[in-house]
Amino acid sequence: MTTSPLLAAHPDAAHYDRTTIVFHWLTAFLVVGLFALAETWSFLPRGTPTRRLLQSLHISFGLAFAAVFVLRIVWRLCQGRRLPPASRGWLRVASTGVHGLLYLLMSAQIVLGFLFRWAQGEPFAFFGLFNVPTLIAIDHEQRRFIGGLHDTVAWTIIILALLHALAALFHHYVLRDGVLRRMLASR
């Protein structure tokens, strides 16, 4: 394995801390799972029990995603290990840009999810344990616009996440610089 000169200068910082790693992979799992649920129910007839179950799971996992995302941001700002950049030049700019855009889009997606549900005028619950109150009255006529935006942002997140994963594989197999290993469990 060839290690990036930036990583070699900081051998003690070869991995992110375990909590950061857990938040990263939990976020990835939830994003892909939420997307898969939404895409799956789109093939089912409206009003069927299976479609409603998938929608209910989407809402509950969406609420879990919102909580994980907020905790991830708090952890990153307060406790998370900061690693030196793994790349220089345009790779660093691209990496920083994609990460920033992913965070921005995930934030927007959470807000859009809440707005869309409130615009539908229906209560939503977290795995049937408690209902989330409507905090903002949204005109029912706005639901198509908000729903379309929610869908567009979801596809954009999935495409960027795929590019992010491909970039990690490029770093691992082509550049052989240890970047992918940073987000895998440390010793």
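The buried residues of H4 pack against H2, H3, H5 and strand E1 (124–126). The model is predicted. In H4, the buried residues are Leu102, Tyr103, Leu105, Met106, Gln109, Ile110, Leu112, Leu115, Arg117, Trp118 and Ala119.

How does the span of H4 fit its residue count? H4 has 32 residues, so at 1.5 Å a residue it should span 46 Å. Its end C-alpha atoms are 46 Å apart, which agrees. After H4 comes Gly121, with a positive phi near 75 degrees.

**The nonpolar core**

The largest nonpolar core holds 28 residues. Val31, Phe65, Phe69, Met106, Phe124 and Ile157 touch the most other members. Four helices each supply at least two residues of this core: H2 (18–41), H3 (49–78), H4 (89–120) and H5 (143–175). Which of them gives the largest share of this core? H4 does, with nine residues.

Phe65 deserves a separate look. Leaving aside residues up to four places away in sequence, Phe65 touches Thr27, Leu30, Val31, Leu34, Met106 and Ile110. Phe29 sits 36 residues from Phe65 along the chain, and their C-alpha atoms are separated by 9.6 Å. Phe29 is found in helix H2. Is Phe29 buried or exposed? Phe29 is exposed, because its relative accessible area is 57% and the cut-off for exposed is over 50%.

**Where H3 meets H4**

H3 and H4 pack with their axes 11 Å apart, at an angle of about 145 degrees. Their crossing is left-handed. On the H3 side, the contact is made by Ile59, Leu63, Phe65, Ala66, Phe69, Arg72, Ile73 and Arg76. On the H4 side, the residues are Tyr103, Met106, Ser107, Ile110, Phe114 and Arg117. Phe65 and Met106 in this contact are also among the core residues that touch the most other members.

**The salt bridge**

How many salt bridges does a search of the whole structure find? The search finds one. Glu122 forms a salt bridge with Arg117, and the closest N and O atoms are 3.2 Å apart. Arg117 has a relative accessible area of 15%, so Arg117 is buried. Glu122 counts as partly exposed, because its relative accessibility is 41%. Arg117 also takes part in the contact between H3 and H4.

Phe127 and Arg176 each have a positive phi although neither is a glycine. Where does Phe127 lie? Phe127 is in the loop between E1 and strand E2 (130–132). Arg176 is placed in the loop between H5 and helix H6 (179–182). Each counts as partly exposed. The table sets out the values.

| Residue | Phi | Relative accessibility |
|---|---|---|
| Phe127 | about 45 degrees | 38% |
| Arg176 | about 50 degrees | 48% |

**Drawing H4 together**

Methods: Residues numbered from 1 in each chain as written. Predicted model: local features only at pLDDT ≥ 70, side-chain atom pairs only at ≥ 80, totals over all residues. Heavy atoms only, no water. Core = buried A, V, L, I, M, F, W, Y, C linked by side-chain atoms within 4.5 Å. Buried < 20%, exposed > 50% of the residue type's maximum accessible area, 1.4 Å probe, protein only. Contact = heavy atoms within 4.5 Å. Salt bridge = Lys/Arg side-chain N within 4 Å of Asp/Glu carboxyl O. Expected span 1.5 Å × (residues − 1). Axes fitted to C-alpha atoms, helices over the stretch in contact; angles between N-to-C directions. Left-handed = near helix turned anticlockwise from the far one by under 90°.
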